[in-house]
Amino acid sequence: MMETLDRPVWNALTSRHAHLAQGDGQALRYPASIIPFAAMRDTDIRSAQALTQMLVPGETVMLVERAPITVPDGCTLLKRARITQMVGTGEFAPVSDQRIALLGPQDAGEMLELALLTRPGPFTLDAQRLGPFWGVRIDGRLAAMAGQRMHVDGFVELSGLCTHPDFRGQGLGRHLLCHAAGAITRAGGQVFLHTYADNETAIGLYERSGFHRRAELHACLIERR
């Protein structure tokens with residue numbers, strides 16, 4: 001089943017997140033208001049054309065695949081990156097931090113502000129439609145958060161893990177990482193995540209927390225001309 005993670009976007013939009021999928025079967029995408037991810041069915045020219053036609057001029061989306069990505073005609077490559085995909089091993093023990101609380105729609109503005117400051121990956125005001133998020137508040141401020149993103153049969157992606165610079169060094173990231181991962185495993189799923197391949201600090205944290213490197217993926221940010 002691990003092979004389903006080679007194409008996380010396509011396999012999420014054709015399984016657990018099929019209710020969010022937009023497209024005609026040759027290419028699929030998440031609604032732009034939720035997350036700017038898209039995928040082609042295969043490398044056929046019809047799939048590339050379908051993806052291009054889904055976008056309006058100037059719109060950007062991100063493609064994430066284990067296999068090398070060919071930019072569709074009519075689109076411009078803005079950024080290419082290598083992504084390390086990691087998978088959690090076993091279950092994660094409950095975290096004894098009473099400050100961790102489930103976030104809700106009323107927190108969306110602060111969540112977006114924290115994500116824009118720390119840049120854990122693409123994030124929007126509607127990110128909570130993908131799955132639950134948890135956070136820690138200190139003196140009324142959102143100090144750290146983590147949540148769920150892509151859902152594939154048998155797997156749930158942990159994402160949005162970030163800590164405000166004013167509150168780093170307190171172990172908040174580790175606590176939220178284990179809390180969010182534990183929520184996934186206790187619900188019967190296996191947790192996976194992505195990070196930039198050159199972010200050895202984050203990779204080290206994940207390895208110490210019970211994750212192992214599974215594969216390197218390609219990520220391309222493209223724009224419709």
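Are Glu 157 and Arg 149 buried or exposed? Glu 157 is buried, and Arg 149 is buried as well, where buried stands for under 20% relative accessible area, exposed for over 50% and partly exposed for what lies in between, with a 1.4 Å probe and protein chains only. These two residues form a salt bridge whose closest N and O atoms are 2.7 Å apart, the term being used for a side-chain nitrogen of Lys or Arg within 4 Å of a carboxyl oxygen of Asp or Glu. Salt bridges that share partners also join Asp 6, Arg 66 and Arg 214 into one network.

The model is a predicted one, in which local features need pLDDT of at least 70 and side-chain atom pairs count only at pLDDT 80 or more, while totals for chains, interfaces and linings use all residues. Residues are numbered from 1 along each chain as its sequence is written, and side-chain values use heavy atoms, with hydrogens and water left out.

Across the whole structure, the search finds 13 salt bridges. One of them pairs Glu 65 with Arg 7, with 2.7 Å between the closest N and O atoms. Because Glu 65 lies in strand E4 (residues 60-65) and Arg 7 in the segment before helix H1 (8-13), this pair ties together parts that are 58 residues apart in sequence; helices (H or I, at least four residues) and strands (E, at least two) are DSSP runs, numbered from the N terminus. Glu 65 counts as buried at 11% relative accessibility, whereas Arg 7, at 21%, counts as partly exposed.

A further salt bridge joins Asp 107 to Arg 137, the closest N and O atoms being 2.8 Å apart. Asp 107 sits in the loop between strand E6 (100-102) and helix H3 (108-118) and Arg 137 in strand E7 (residues 133-138), so parts 30 residues apart in sequence are tied together. Here Asp 107 is buried at 7% relative accessibility, and Arg 137 is partly exposed at 31%.

Turning to the aromatic rings, the count comes to four pairs, where rings of Phe, Tyr and Trp (its six-membered ring) pair if their centres lie within 6.5 Å, with planes under 30 degrees apart counted as stacked, over 60 as edge-to-face and the rest as tilted. Phe 92 and Phe 211 form a tilted pair, 5.4 Å centre to centre with 40 degrees between the planes. This pair links Phe 92, in the loop between strand E5 (75-88) and E6, with Phe 211 in strand E11 (residues 211-224), 119 residues apart. Phe 92, Tyr 206 and Phe 211 form one aromatic cluster.
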